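Here is a short briefing on a ligand site and its aromatic neighbours. Please have the model open alongside.

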Amino acid sequence: VVAAEVQQLQTHAQSKSLNLLFEPPSKKLPPIALDENKTRQVIMNFIDNAIYYTPLGGNIKVRLRPAGSNIQLEVKDSGIGVPVADQPKLFSKFYRADNAQKMRPDGTGLGLYLAKRVVEEQGGKIIFHSTEGRGSTFGFSFPVRVASPKVLAGKL
Ligand SMILES: Nc1ncnc2c1ncn2[C@@H]1O[C@H](COP(=O)(O)OP(=O)(O)OP(=O)(O)O)[C@@H](O)[C@H]1O
Ligand SMILES: [Mg+2]
């Protein structure tokens, strides 16, 4: 699913001379049950934002990997970043930071709001860190719910 989304947005990235790269997991990931369409839309929104808010010639890396007992997706860009003052409000409905509005006047400010809802309602967590003028990382992590023998043993 992630590879397909990256593929889909490759033409848009290339039109801005951005280097959009997918780094697949180094080993097979355990399956997780998610709403495919909604989760796909979240991934698309993260990459779409990275393309819009990264100046010409920049880099975007999409990484999918296991992290402890979670599966993590990260979209890391070398873009304009989010000013510290805007960071707490970023996932609210219709919120757009000034630097983003300057770079791209149109935009609803709904993508991240919806992403957070879709991720959290499925038991996941949003990943976000950014430095103004240097870049941002947006993503999510979902726990792999595999009952370990130890946990089971305690319950039987
Ligand atoms: N990769 C990014 N780099 C810098 N700022 C970002 C990035 N992604 C999101 N933002 C900030 O978060 C705000 C909200 O993003 P969101 O995707 O919700 O809305 P939008 O891109 O402005 O509009 P749309 O709803 O049409 O996608 C953006 O306006 C911008 O300020
Ligand atoms: Mg957006």
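The points below cover the ligand site, then the aromatic pairs.

This is a predicted model, where local features need pLDDT of at least 70, side-chain atom pairs count only at pLDDT 80 or more, and totals for chains, interfaces and linings use all residues. Residues are numbered from 1 along each chain as written, chains are lettered from A and ligands numbered from 1 in written order, and side-chain values use heavy atoms, without hydrogens and water.

**Ligand contacts**
- Ligand 1 is surrounded by 21 residues, each with a heavy atom within 4 Å of the ligand.
- Tyr53, Asp77, Arg96, Thr108 and Leu112 are the closest.
- A polar side-chain atom of Tyr53 lies 2.8 Å from a ligand 1 oxygen.
- A polar backbone atom of Gly111 is 3.0 Å from an oxygen of ligand 1.
- For the side chain of Arg104, an N or O atom is 3.5 Å from a ligand 1 oxygen.

**Shell make-up**
- The shell around ligand 1 holds 11 nonpolar, 7 polar and 3 charged residues; Ala, Val, Leu, Ile, Met, Phe, Trp, Tyr, Cys and Pro count as nonpolar, Asp, Glu, Lys and Arg as charged, and the others as polar.

**Aromatic pairs**
- The structure has 6 aromatic pairs (ring centres within 6.5 Å; planes under 30 degrees apart are stacked, over 60 edge-to-face, the rest tilted).
- Phe91 and Phe138 form a tilted pair, because their ring centres are 6.3 Å apart and their planes stand at 55°.

Methods
A polar contact is a pair of N or O atoms within 3.5 Å; within protein, one must be able to donate a hydrogen and the other to accept it, and residues adjacent in sequence count only if both atoms are side-chain atoms.
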